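Please view the sequence and the model together while reading.

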Amino acid sequence: MKIAVHQCTSPAGDVAIALSEVRSALAMASAGQADICVLPELLFPGYNQPEAIRALAQVQGGSWEVSVSHMAADANCGIVFGWAEREGDVIYNAASVFDENGVKIAHYRKHHLFGPQEKEIFESANQDCVFTFRDTLCGVLICYDIEFTEPARKLAGQGVQHIFVPTANPDQYADVSDVTLRSRALENAVTVTYANLCGVEGDLTYSGLSVVAGPDGKHLLRCGTTRSFSLIDTDEAS
């Protein structure tokens with residue numbers, strides 16, 4: 001599977017910027033003949049944006065998903081991206097997966113919420129996300145979920161071979177990329193793709209360091225700390 005990883009700054013509550021990030025990432029992914037493009041957690045409308053999240057969170061099938069669906073189809077490339085989902089009075093930290101035809105093939109709501117701000121805004125969910133893409137059984141976790149052993153272990157127990165992880169990891173936890181991700185990949189014999197934010201958003205500085213770790217625990221791809229777009233063919237790299 002050829003994977004594109006788009007490491008970018010947060011749109012900081014500006015949905016037009018978020019849409020531009022998706023459009024740009026998918027254009028580069030398409031040019032590189034990627035199968036799927038992975039973007040960070042809460043790209044819509046930004047991670048460190050409690051007021052914007054409460055005001056702008058959308059239901060499934062809303063304008064954000066519709067726009068991303070069209071862009072994925074136009075680029076002939078799948079996509080994994082994070083966004084704030086509203087269901088009634090409840091808000092979830094969610095991620096959706098669209099295939100190269102713009103068809104939604106998976107949806108996940110974050111289980112392990114990190115810190116008081118996430119717990120104040122979001123409802124925790126507890127469901128597995130397993131789907132087939134390019135003849136590969138895949139799963140989705142979001143950020144802090146991958147730091148616990150059980151979520152990845154459960155997915156691997158269902159035969160998942162590749163776990164996609166949109167994330168918004170601050171720089172004080174940069175060792176997650178170099179230690180935790182490699183451990184999760186190795187102990188479960190899976191490939192893990194971890195797409196992080198970079199730069200500064202309010203009082204948070206993100207570490208960047210997006211990675212793809214192979215089932216042997218080695219980095220197949222490791223980004224730096226600044227904005228980047230990277231491609232990796234995991235079949236050739238493994």
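Is A12 buried, partly exposed or exposed? A12 is partly exposed, with a relative accessible area of 41%, where buried means under 20%, exposed over 50% and partly exposed in between, for a 1.4 Å probe and protein chains only. This is a predicted model, in which local features need pLDDT of at least 70 and side-chain atom pairs count only at pLDDT 80 or more, while totals for chains, interfaces and linings use all residues. Residues are numbered from 1 along each chain as its sequence is written, and side-chain values use heavy atoms, with hydrogens and water left out.

**Backbone geometry**

- Most residues other than glycine have a negative phi, and most peptide bonds are trans.
- A12 has a positive phi, near 55°, and sits in the loop between β1 (2-7) and α1 (15-31), these elements being DSSP runs numbered from the N terminus (helices H or I, at least four residues; strands E, at least two).
- L42 also has a positive phi, near 50°, and is buried at a relative accessible area of 1%, in the loop between β2 and α2.
- The peptide bond from F44 to P45 is cis, with omega near 0°, and P45 lies in the loop between β2 (36-38) and α2 (50-56).

**Surroundings of G214**

- G214, in the loop between β12 (211-213) and β13 (219-222), is buried at 1% relative accessibility.
- Leaving aside residues up to four places away in sequence, G214 touches A185, L186, V190, T191 and L220, contact meaning heavy atoms within 4.5 Å.
- Between G214 and L186, the C-alpha to C-alpha distance is 7.4 Å, although 28 residues separate them in sequence.
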